[in-house]
Amino acid sequence: MRDTIVIGAGLAGLMGALALAEAGRKPLILAKGQGATHWTSGTIDVWGGDGADRPLAALRDVVESRPEHPYARAGSDGVEQALGRFRALMEAARYSYVGSLERNVLLPTAVGALRPAALLPATMAAGDTRLGGELLLAGFRELRDFFPPLAAANLSAQGIPARGVYLELPAVKRKLDFNTRVFAQLFDEPAFREDVGRQLRALRHGATRIGLPAVLGLKDPLGVVADLQRLSGAQIFEIPTLPPSVPGMRLFQIFRDAIMAAGGRLQTGSEVLRATGADRRLEAIYSAAAAREQEHRANAFLLATGGIAGGGLRTDHTGAVWETALGLPIQAPSSRGEWFSPRFLDERGHPVYQLGVTIDEHMRPIDSGGGVIYTNVAVAGAALAGADAVRERCYSGLALATGWRAGQILSTES
Amino acid sequence: MMHDHIELSLEQSLDHCIKCNICTAACPVSAVTDLFPGPKYVGPQAQRFRKDGQPTPDESVDYCSGCRVCNDVCPTGVRIMELNSRARAQIVEQKGLSFRNWILGHQDWTGWLACGPQAVIANFSATNPLIRIAVEKVVGIARKAPLPRFSTYSFRSWFKKRSNVRTFERSNVQTAKRQVVYFHGCSTNYYEPRVGQAAVEVLERNGFEVIVAKQGCCGLPLLSNGAFKDGRRYYEYNLEQLLPYAQRGIPIVGTSTSCTLTLKEEAPELLGMHDTAALMVAENTYDIFEFLRLLHERGELDTTFKPIDRSLPYHAPCQLRAHSIGRPALDILELIPGLRLSDTLAACCGLAGSYGYKAERYQIAMDVGAGLFDFVRASGSDLAVCDSEICRWQIAHGTGVTMKHPIEILREAYG
């Protein structure tokens with residue numbers, strides 16, 4: 001009943017669905033569960049591989065010199081356009097992003113390593129480690145997997161002076177389990193952040209910037225940051241946590257609301273299991289449901305199910321690799337022995353990470369002979385072959401750029 | 001504990017848990033109370049310590065409301081709710097079922113006793129504050145929880161009396177006309193016959209002869225309280241009644257999303273019953289809007305609707321979401337000119353079957369539903385729409401608005 005279906009609700013699928021919804025296509029998004037967004041840091045990493053100091057220049061170089069790279073299919077103008085649309089969407093939801101493609105910002109991770117990001121939520125902006133001065137990192141013992149003293153020690157060892165402290169948990173009704181979502185709900189309450197803000201002021205000493213775990217609210221994170229800055233007298237920034245990621249939940253909600261407002265629909269718990277087609281057209285896909293599969297017929301389909309981590313690609317011990325939803329062919333090394341380079345930290349990376357669906361210039365899936373498999377299908381995100389997103393640190397940038405491009409192409413598919 | 005292939009696949013499915021905690025972040029119960037530590041802990045984690053003949057390690061699993069949001073959001077496909085339900089059944093097996101939960105599990109008996117002209121007395125008792133306090137103290141059913149009002153007539157008696165209906169129950173099922181079996185469930189029969197009346201009229205409008213087969217409670221109230229043995233008896237009775245229709249390929253259509261889910265998946269999976277009868281009945285069972293949507297996809301739905309110029313909040317109940325069929329009621333109601341529906345996107349109303357009726361869980365249920373109540377109140381509408389009777393009672397209780405099943409709206413649109 002919906003003429004366009006997007007498979008996958010990660011950043012690529014959501015960005016593609018947004019493009020389709022804005023073109024009036026009322027897409028249906030089918031997803032196995034929530035995932036990719038809730039696993040991401042919330043920063044948009046466009047390029048962190050070779051030449052990470054100047055991401056735009058590196059991006060142009062990739063587009064020019066590596067035509068098989070998904071960025072080449074999106075084009076560097078296309079990447080910039082997609083990021084522009086993304087920023088406008090976030091701005092409209094009062095969750096603005098800062099940064100640029102000219103230069104990556106180096107942000108501290110939860111263990112005090114440094115990671116480059118091109119665009120970042122304004123709530124993380126003051127975490128730029130090149131701003132100088134002493135950092136204070138603060139957290140709660142009740143929040144698992146976030147250890148300010150450890151992160152501070154690691155930053156200090158890298159020449160970035162930092163101190164780590166634990167805060168007293170303000171009086172709250174909860175006594176037992178504190179996960180990232182519970183903390184985000186607590187920060188949504190003014191009394192809770194008042195208490196935290198006062199503690200930060202007392203602990204601040206010489207620090208001008210204070211890092212907190214990225215749990216500063218789900219309703220109005222910029223408002224929470226502003227409150228804490230006023231109360232503590234220092235600049236406040238969020239440090240991404242282990243999943244589930246609160247900045248990722250914010251992204252998901254903003255995308256979902258925009259897509260639904262434009263007539264789209266999201267259906268989770270619905271893994272796409274198989275597909276049928278004829279004459280190079282995909283006709284129907286089938287999702288898991290109670291008692292029997294649900295059939296979905298549509299004119300156009302966007303595949304954005306992710307790679308090996310996201311569940312879009314599967315491998316087994318024999319070395320077989322397959323795409324899980326539509327059964328598209330994957331060009332893979334002939335044996336499992338060729339998946340990996342001899343050394344774990346090999347500069348060339350590992351071939352297995354570049355596996356994926358090969359596409360033509362219209363983002364359509366092609367076979368090893370270059371023939372289009374389905375003319376009414378576009379593929380986006382980590383399901384695509386040709387990128388080594390781990391080494392190139394480009395998961396989110398690539399997802400937004402290819403998702404946007406694929407959505408635009410399918411918008412004109414009849 | 002049972003050792004069927006579901007049990008094995010549950011054991012394997014818990015190995016798929018990567019501990020990402022997405023379920024914990026989505027769980028509406030752990031969001032509001034410390035008493036439930038979340039799906040990941042009581043499900044895939046505690047499951048490793050549940051062994052035959054050994055005491056169950058963690059009774060907090062009983063605070064799972066069974067809404068299945070965890071299953072819905074899990075990115076790796078772990079069947080968390082099934083793990084929790086079986087764990088609860090293990091506790092009941094070891095410690096027995098409380099009288100309170102036994103009562104809550106037998107809505108068919110209370111309905112049978114109280115539905116009819118005597119409903120006046122039953123409804124008086126159910127709304128009398130003193131009686132409710134006494135019931136809370138003695139039995140443990142929350143004094144404020146929204147007990148439904150018994151109807152002065154049952155759906156079945158209405159259906160029997162209709163003069164234009166030629167068939168009833170299992171006579172004449174082999175006639176050539178398109179037929180459909182209607183599974184009304186206890187709530188339509190004893191509390192809200194109007195839902196069944198609307199369903200029958202919509203199906204007849206689309207050229208179906210409606211058969212109201214013999215049927216008992218679907219068994220879910222017992223299954224969700226861990227009383228698997230008793231639940232199984234109901235389920236087996238229904239299989240026996242419905243199988244002859246399924247064998248003839250006659251669809252079984254229901255308006256209660258939890259009854260249809262029980263027939264489709266919940267009972268066979270929890271009880272480990274996967275014989276031909278269970279499979280055939282499951283495969284022939286449909287939520288009514290799922291069924292109407294299939295008709296529409298084939299171009300067979302009568303879409304000559306009168307306009308309804310209204311904006312209404314719509315809540316998709318957890319039990320409907322567990323069908324994993326999207327929003328069939330929205331897909332069909334969207335065809336009515338002028339009607340605009342806004343999806344509440346709320347995880348759960350809180351009541352979750354018999355959960356919120358339990359005195360110690362009433363407040364949890366209200367806290368779970370708080371966001372949903374806010375949404376409905378903020379809409380300014382005096383009417384909201386939901387497919388599940390339980391959620392309708394809870395939303396009405398939490399907001400004061402009138403609640404309808406979407407089939408009643410569709411019936412109105414046919415004029």
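User: Hi! Is B:Val195 buried or exposed?

Analyst: Hello! B:Val195 counts as buried, because it has 27 C-beta neighbours inside 10 Å. Buried here means that 20 or more other C-beta atoms lie within 10 Å of a residue's own, exposed means 12 or fewer, and partly exposed is in between, with C-beta atoms placed from the backbone. Keep in mind that this is a predicted model, in which local features need pLDDT of at least 70 and side-chain atom pairs count only at pLDDT 80 or more, while totals for chains, interfaces and linings use all residues. Residues are numbered from 1 along each chain as its sequence is written, and chains are lettered from A and ligands numbered from 1 in the order in which they are written.

User: Which element is B:Val195 in?

Analyst: B:Val195 is in helix 12 of chain B, residues 193–205. Helices (H or I, at least four residues) and strands (E, at least two) are DSSP runs, numbered from the N terminus.

User: And what is B:Val195 in contact with, leaving aside neighbours within four places in sequence?

Analyst: The contacts of B:Val195 are then B:Thr188, B:Thr255, B:His405, B:Ile407 and B:Glu408. Being in contact means that the C-beta atoms of two residues, placed from the backbone, lie within 7 Å.

User: New topic: what is the strand order in the open sheet of chain B?

Analyst: The four strands run 2-1-3-4, with parallel pairing. Strands pair if DSSP finds at least two bridges between them.

User: Which strands stand at the edges?

Analyst: Strand 2 (209–211) and strand 4 (285–287) of chain B do; each has a single partner strand, so one side of each is left without a neighbour in the sheet. From one strand to the next, the twist averages 35°.

User: How many bridges join strand 1 and strand 3 of chain B?

Analyst: Three bridges, in the parallel sense. As for partners, B:Tyr182 is bridged to B:Val253 in strand 3 of chain B.

User: Now helices: at what angle do the axes of helix 15 and helix 16 of chain B cross?

Analyst: Those two axes cross at roughly 150° and come within 8 Å. Axes are lines fitted to C-alpha atoms, for helices over the stretch in contact, and angles run from 0 to 180 degrees between N-to-C directions.

User: Which residues meet there?

Analyst: From helix 15 of chain B come B:Leu263, B:Lys264, B:Glu265 and B:Pro268, and they meet B:Ala278, B:Val281 and B:Ala282 in helix 16 of chain B.

User: Last one: how many residues of chain B are in contact with chain A?

Analyst: Chain B has 32 residues in contact with 30 residues of chain A. Helix 2 of chain B gives the largest share of that side, four residues.
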